[in-house]
Amino acid sequence: MNALISFIIFGILVGIPWFGVGVLGLDSLFGIVIPYVCFLVFVIGLIYRIVCWAKSPVPYKIPTTCGQQKSLPWIKRSLRDRLESPFTTWEVVLRMFFEIVFFRSLFRNLRADLQGKRLIYGSAKWLWLGAILFHWSFFIILLRHIRLFTNPVPEIIQGLDYLDSFIQSLGVPPIYITDILILAGLTFLLLRRFIDSKVSYLSYGSDFFPLFLILGIVITGILMRYSLKVDLYAVKQLTLGLATLNPTIPEGAKIGSIFYIHLFLVSSLAAYFPFSKLVHMVGVFFSPTRNMANNNRAVRHVNPWEYPVKHYTYYEYQERFKDKMIEAGIPIDEEVQPEEEHEWYSLYMIGSKLPPKIKS
Amino acid sequence: MSLPKPDELLTDVDLHKTPEENWMDIKPELKRGMYCGIVEPHTMEDLGLPNLGKWQAYDEKWPLPENWKEIVRKEILRRMEMHRSFKLFMDICVRCGACADKCHFFLSTGDPKNMPVLRAELIRSIIKGEFSTFGKLLGRFAGARQLTEDVIKEWFYYFYQCTECRRCSVFCPYGIDTAEITIIMREILHKLGIAIDWAMKPVQNCYYIGNHVGVPPQSFKENLEFLTWEFEDITGIHIDLDKYINRKGAEILFVPLSGDYFADPGIYTMLGYIVLFHYLDLDVTMSTFASEGGNFGFFNSLEMAKRLHAKIYEEAKRLKVKWILGGECGHMWRVWHQYHNTWFGPIDFLEVPKSPITGTVFEHAKSNKIVHIVEFTADLIAHGKLKLDPSRNDHLIVTYHDSCNPSRALGIFEEPRFVIKHVCNNFVEMPENTIREKTFCCGSGSGLNAGENLELRQRGGFPRANTVEYVHKKYGVNQLVCICAIDRAVFPTLLEYWVPGVDVGGVHELVANALVFEGEKSRTEDLRRRPLKHPVKGVDQPTEEGEEG
């Protein structure tokens with residue numbers, strides 16, 4: 001049901017530019033205005049999200065430690081331990097590098113099965129593989145697209161293009177490896193949401209939607225390259241115009257609706273990005289269980305909203321138990337004095353002062 | 001209420017079957033044996049905390065304050081302002097499901113709301129539904145829903161079915177930590193006046209009496225006396241306790257766990273600490289007021305946790321010690337390691353910890369000045385300062401349970417293994433996917449070790465018990481060793497149910513049993529009077545019989 005609604009929304013998104021360009025001929029709306037607006041929404045939205053996260057402080061240093069801590073000098077810490085339980089900033093950087101580039105935590109994935117009265121665990125790297133295929137292919141495809149926005153095309157992008165397309169098909173043009181891999185990755189991720197009962201149960205419409213959207217972008221892209229050929233020269237004129245802030249719809253040349261559908265889906269993705277779960281791309285950098293060092297006892301972490309609390313004192317305790325303590329031969333502290341009233345705050349105690357406002 | 005037999009308990013669990021209905025349509029059904037009793041109002045009043053009077057969770061209508069919705073909204077927003085973690089974790093989950101089968105409560109109930117991802121969705125959906133325009137507009141399609149009284153019941157039920165063990169956060173590609181969410185959600189429930197008795201009564205005790213179980217100073221001493229008499233009876237070694245209690249000017253303050261001087265089998269670990277101190281003639285003392293290293297406040301709110309542990313540093317100051325040594329405990333070490341320094345620092349009235357026996361400076365604790373006793377002992381053994389006879393533990397086949405929070409919030413994996421391997425000859429690991437950072441919780445942590453929720457506990461502990469059963473059958477393991485006082489309190493019940501025949505104890509119990517004292521007498525029993533495999537020959541003539549206690 002969720003998936004169906006997502007698919008319908010996706011269908012509508014495909015229909016809009018098809019109708020708008022193909023029937024109404026609104027080339028500049030779909031070729032210039034919408035891409036610009038959506039790109040702006042993407043950039044501003046993302047900055048807004050980042051600022052929003054950054055405004056909330058990180059009160060405590062709470063890394064999840066997945067390796068041996070640094071303690072006694074003779075306890076050996078392998079490279080793995082240093083990455084999984086980082087003590088220095090460099091180790092944290094490396095941990096984040098592996099997390100973001102290779103999806104380290106996902107690589108750990110296990111599956112658990114209950115057989116009768118026995119729990120069995122097995123390796124489950126498929127999700128990791130699917131995710132890696134998808135994300136890396138997407139990234140490379142994005143890089144490849146730089147050729148549409150630059151003139152001359154940087155050599156490194158040309159090289160990337162060459163490497164990606166070394167499978168020569170019989171016809172022209174050669175097939176991009178990433179095109180195949182991203183389709184494989186996306187198909188897996190989508191099928192998983194249908195087939196795996198647990199994942200299916202917890203998936204919302206908004207979990208299917210980006211998959212359909214990206215799949216749509218990939219398929220229209222592939223179609224444009226291999227079957228519904230578009231006028232590449234005209235496309236480049238348009239994209240280069242967009243990049244150089246001098247946008248024009250190429251005169252005369254008919255680019256083809258398929259291109260506008262592709263572009264509109266990309267625009268939709270960009271505008272949708274900051275307001276959806278897709279912000280995990282940026283959010284992962286902020287994750288306090290991963291980007292903090294496990295050196296709490298060596299380096300103090302300061303909480304900007306820490307406030308003094310009310311607590312019971314030894315004086316009060318000793319007054320209460322004095323006789324029993326003397327009887328039991330437990331030393332009494334003669335010097336201890338009642339503590340002066342200290343200022344304290346509470347979020348909970350009835351009638352107390354609230355802690356000062358959080359500085360951000 | 002009787003608990004089903006072990007063979008029947010899990011028959012309703014199918015990890016691959018999900019309900020027909022959408023989880024948002026399933027009303028929370030509070031099953032007996034799966035949740036804890038509500039706190040007594042006077043417990044809360046004693047601590048100045050809001051409460052809802054006398055009521056129970058099974059009441060049809062909960063006595064929520066009139067403006068409960070407003071309170072919840074305000075507190076959610078406030079928590080998002082206070083904790084980046086909370087705000088971020090609410091935003092970036094992609095529902096990939098990697099965490100789903102990592103939670104011991106999901107694996108043993110099959111209840112989809114026990115998948116960490118759905119546990120978080122219980123609040124994430126409300127945040128979308130209450131504060132996000134898109135969420136309000138798209139509703140369920142975007143995973144948003146309205147705040148109702150049923151949601152509060154659901155929160156109560158499921159955020160008290162999480163032991164804050166952090167196993168899911170190991171597997172999450174973004175490091176989303178359900179423990180963090182549970183901590184915050186329990187705080188919000190607290191603001192409404194909802195709390196459980198088993199997590200709050202110990203707080204009240206700890207606040208006013210010094211420890212969770214409410215042992216007053218004279219009983220503290222009596223309990224220790226009983227232990228040392230028993231030790232003297234078994235080994236002939238006399239320990240003078242006076243210097244270990246409230247003595248000013250000692251070098252080290254040792255903070256024990258009430259679970260370890262209150263009940264079997266924790267008491268043998270407590271004895272282990274004292275025996276070690278005596279063996280070393282260590283200049284150490286304990287405070288009867290700061291007689292609790294653990295922190296049940298942490299299971300209610302961060303503020304309460306801070307209110308309880310302030311006394312540890314106050315006592316360190318009053319007793320003029322140089323540094324602090326902490327016992328073997330689980331969430332305690334999360335609090336000590338990850339929170340103390342921020343709460344009570346800079347701790348400049350203490351010195352950088354230095355072992356007076358080996359001269360080792362504990363550089364990794366140079367700011368916080370607190371050392372884990374297993375680190376301390378590992379250092380002693382590495383420097384050859386202890387005369388140990390591991391064959392004295394030959395009657396035991398030992399396995400080690402990585403207690404959840406020392407593993408995933410501290411990373412103490414090698415130290416306990418190093419110590420165990422030096423004090424016993426038969427040590428086997430449990431299966432690889434269930435140890436170290438992947439270890440399973442005992443199922444009763446974070447204030448859930450009550451009696452009324454026994455079914456929850458036996459279910460939650462099942463994944464752990466299942467691996468113990470594996471090594472018990474395969475290698476004949478008869479002793480589980482752990483570094484958590486809650487473990488020691490709950491494992492006996494858990495293992496008796498799932499794997500009878502496995503005893504539970506701490507690392508320092510094994511240390512003490514393997515220590516060779518000068519002038520000790522012959523014995524045929526270990527410190528908890530189980531027969532030894534090889535009788536110990538002492539200064540008296542070795543006897544065949546050995547003496548009975």
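Predicted model: local features only at pLDDT ≥ 70, side-chain atom pairs only at ≥ 80, totals over all residues.

Trainee: Which residues of helix 1 of chain A meet helix 13 of chain A?

Mentor: Two residues are in contact if their C-beta atoms, placed from the backbone, lie within 7 Å, and helices (H or I, at least four residues) and strands (E, at least two) are DSSP runs, numbered from the N terminus. Here A:Leu13, A:Val14, A:Ile16, A:Pro17, A:Trp18, A:Val21 and A:Gly22 of helix 1 meet residues of helix 13 that include A:Tyr260, A:Phe264 and A:Ser268. Residues are numbered from 1 along each chain as its sequence is written, while chains are lettered from A and ligands numbered from 1 in the order in which they are written.

Trainee: At what angle do helix 1 and helix 13 of chain A pack?

Mentor: Axes are lines fitted to C-alpha atoms, for helices over the stretch in contact, and angles run from 0 to 180 degrees between N-to-C directions. Helix 1 and helix 13 (residues 257–272) of chain A pack at about 135 degrees, with their axes 8 Å apart; the two are therefore oblique to each other, given that angles under 35 degrees count as roughly parallel, over 145 as roughly antiparallel, 65 to 115 as roughly perpendicular and the rest as oblique.

Trainee: How do helix 2 and helix 13 of chain A cross?

Mentor: The axes of helix 2 (residues 27–55) and helix 13 of chain A come within 8 Å and cross at roughly 20 degrees, which means that helix 2 is roughly parallel to helix 13. Among the residues that make this contact are A:Phe30, A:Ile34 and A:Phe42 of helix 2, with A:Tyr260, A:Phe264 and A:Ser268 of helix 13; the contact divides into 12 nonpolar, 3 polar and no charged residues.

Trainee: In what order do the strands of the open sheet in chain B lie?

Mentor: Two strands pair if DSSP finds at least two bridges between them. The order in this open sheet of 4 strands is 2-1-3-4, with parallel pairing, and the edge strands of chain B, strand 2 (284–285) and strand 4 (370–372), each pair on one side only. Helix 16 (residues 373–382) of chain B packs on the sheet, where it touches strand 3 and strand 4, its direction making about 70 degrees with that of strand 4. Strand 1 (residues 252–255) and strand 3 (residues 323–326) of chain B pair over 4 bridges, with B:Leu253 opposite B:Ile324.

Trainee: What are the domains of chain B?

Mentor: Domain bounds come from an automatic or database domain assignment, which for chain B gives domain 1 (15–195), domain 2 (203–382) and domain 3 (390–531). The centres of domain 2 and domain 3 of chain B, taken over C-alpha atoms, are 21 Å apart, and their contact takes 37 residues from domain 2 and 40 residues from domain 3. Helix 13 of chain B supplies the largest share of the domain 2 side, 9 residues, and that side divides into 20 nonpolar, 13 polar and 4 charged residues.

Trainee: How many residues of chain A are in contact with chain B?

Mentor: In the contact between the chains, 92 residues of chain A face 101 residues of chain B. Helix 15 of chain A gives the most to the chain A side, with 6 residues, and that side has 47 nonpolar, 26 polar and 19 charged residues.

Notes. Nonpolar A, V, L, I, M, F, W, Y, C, P; charged D, E, K, R; others polar.
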